[in-house]
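Please keep the sequence and the model open while reading.

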Amino acid sequence: MQDRKICILGSTGSVGTQAIQVIRRFGFKLDAIAAGSDIRTLEEQIREFSPALCGVCDEKAAAELKLRVADTSTRVIGGADAAETVAFESSADTVVNSIMGSKGILPTVAAINSKKDIAMANKEPIVAAGEVILALAREKGVRILPVDSEHSAIFQCLSGAFNSHGYIKRLILTASGGPFYGKTRDELTNITPAQATDHPVWKMGKKISVDSATLMNKGLELIEAVRLFDVEAQNVDVTVHRQSIVHSMVEFVDGAVMAQMGKPDMRHCIQFALCYPQRCEGLCESLDFTKLFELSFAPVDEETFTLIGLAREAAARGGVYPAVMNAANEAAVDLFLREKIAFLDIFSLVKTALFAKEYHNLKKVEEILELDAKVKEYVYTLAGTNNNI
């Protein structure tokens, strides 16, 4: 297993750096890396692991990194399509996709076209272009292994010989509830970006932290579950589990429920995907059940956190509706983080964009990306700004 070659897209981010820890633990070969502009971290990764290829989306940063690592054997490429090039040209067996947002779509397609397995830590490619991507993966014989803790949990629960798809009654996604669990709509009026990005359990990037605060994160996971596991939207439930010990559950037709449990540590999900189909002793701490004084579960307040209901409707409509919802949310979160709109405006902007018109199904990734850009521009216009992400 130590001869496995890994490529990490988004190697300087939260998931990317934790994937580095897993690679270091098991002695895998880090064959290629890609990131936006954090050349300090990229240089450290190059000097430790000597990857064959490094992509930097910011061309100016790429030029500086080339000078910094000129004494190494790593080839550095720059440009907006650097991650896509790295995903395709790398000789890796598995590509960890932790690029945030719809920017992860084309690198996913490139990796699949070069017949590499995908450790998918980025929800948006499956949410926005899942029908196209999953069909292409089947055609190329590529495995998509979920890294999100919820989908990794479901995948693990369904791995048994007697837990086939036909026996699924419902999938139950667990949610920490985010930093604003229990708050009313009125109490969310003056929320700041600093408050929204202060998650009580998980340490994540700013965008995904805001998604957790609005519970859009669970909405996106609901859509992703529908597509990854081929179930109806009505058969995916979300429950608040504040302890983040049970990562998700599957109920079968006979009433049996299987859950995957563990400490809230993303390295378990990353390790499971990179070691699959083997299980190996790793970096994560064992659960001490004698110290689990309470495991509580509660319904989601969908009247306050309305994006989960919108996500269920988008998933039920199918086609490009999930792509529209995702694009609108990306633009709205960007505006909120730049303090151009209020926290509650995220909810209203996403809803307005989702129902702005009838959207026709699209079969090509390029068309989906064009729609993504148009929806984002529409949201910026609604908010009174023409700034782009």
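In helix 6, residues E124, V127 and A128 meet P322, A323, N326 and E330 of helix 13, where a contact means heavy atoms within 4.5 Å and where helices (H or I, at least four residues) and strands (E, at least two) are DSSP runs numbered from the N terminus. By class, this contact of helix 6 with helix 13 holds four nonpolar, one polar and two charged residues; Ala, Val, Leu, Ile, Met, Phe, Trp, Tyr, Cys and Pro count as nonpolar, Asp, Glu, Lys and Arg as charged, and the others, Gly among them, as polar.

The model is predicted, so that local features need pLDDT of at least 70 and side-chain atom pairs count only at pLDDT 80 or more, while totals for chains, interfaces and linings use all residues. Residues are numbered from 1 along each chain as its sequence is written, and side-chain values use heavy atoms, with hydrogens and water left out.

**Helix packing**

- Helix 6 (residues 124-140) and helix 13 pack at an angle of about 145° with their axes 8 Å apart, the axes being lines fitted to C-alpha atoms over the stretch in contact and the angles running from 0 to 180 degrees between N-to-C directions.
- The crossing of helix 6 and helix 13 is left-handed, a term used if the near helix is turned anticlockwise from the far one by less than a right angle, with right-handed used if it is turned clockwise.
- Helix 2 (residues 39-49) and helix 3 (residues 59-68) have axes that come within 10 Å and cross at roughly 35°, and helix 2 passes helix 3 in a right-handed crossing.
- On the helix 2 side the contact is made by I39, R40, L42, E43, I46 and R47, which meet A61, E64, L65 and R68 in helix 3; these residues divide into five nonpolar, no polar and five charged.

**The largest nonpolar core**

- A nonpolar core is a set of buried Ala, Val, Leu, Ile, Met, Phe, Trp, Tyr and Cys residues joined through side-chain atoms within 4.5 Å, and buried here means under 20% relative accessible area, exposed over 50%, and partly exposed in between (1.4 Å probe, protein chains only).
- The largest nonpolar core has 132 residues, of which I144, M325 and F343 touch the most other members, and helix 13 (residues 321-337) gives the most to this core, with 11 residues.
- Leaving aside its neighbours within four places in sequence, I144 is in contact with I112, I118, M120, I126, I133, L134, A137 and L228.

**Aromatic rings**

- Eight aromatic pairs are found in the whole structure, a pair being rings of Phe, Tyr and Trp (its six-membered ring) whose centres lie within 6.5 Å, with planes under 30 degrees apart counted as stacked, over 60 as edge-to-face and the rest as tilted.
- One of the pairs joins F336 and F343 edge-to-face, at 5.5 Å centre to centre and 65° between the planes, and both F336 and F343 are buried.
- F180, F336, F343 and F347 form one aromatic cluster.

**An enclosed helix**

- Nine of the 10 residues of helix 11 are buried, so this helix is largely enclosed by the rest of the structure.
- The cover over the buried residues of helix 11 includes strand 1 (5-9), helix 1 (14-26), strand 5 (94-97), strand 6, strand 7 (144-146) and helix 7 (149-157).
- In strand 6 (residues 117-120) lies D117, which is buried at a relative accessible area of 13% and touches D93, T94, V95, V142 and R143, not counting residues up to four places away in sequence.

**Loops and backbone details**

- Most residues other than glycine have a negative phi, and most peptide bonds are trans.
- The peptide bond from Y276 to P277 is cis, with omega near 10°, and P277 is found in the loop between helix 11 (266-275) and strand 12 (298-299).
- D230 has a positive phi near 55°, is found in the loop between helix 10 (216-229) and strand 9 (236-240), and counts as exposed at 58% relative accessibility.
- S244 also has a positive phi, of about 55°; S244 is placed in the loop between strand 9 and strand 10 (246-252) and counts as buried at 6% relative accessibility.
- N361 lies in the loop between helix 14 (343-354) and helix 15 (365-382) and is partly exposed, with a relative accessible area of 39%.
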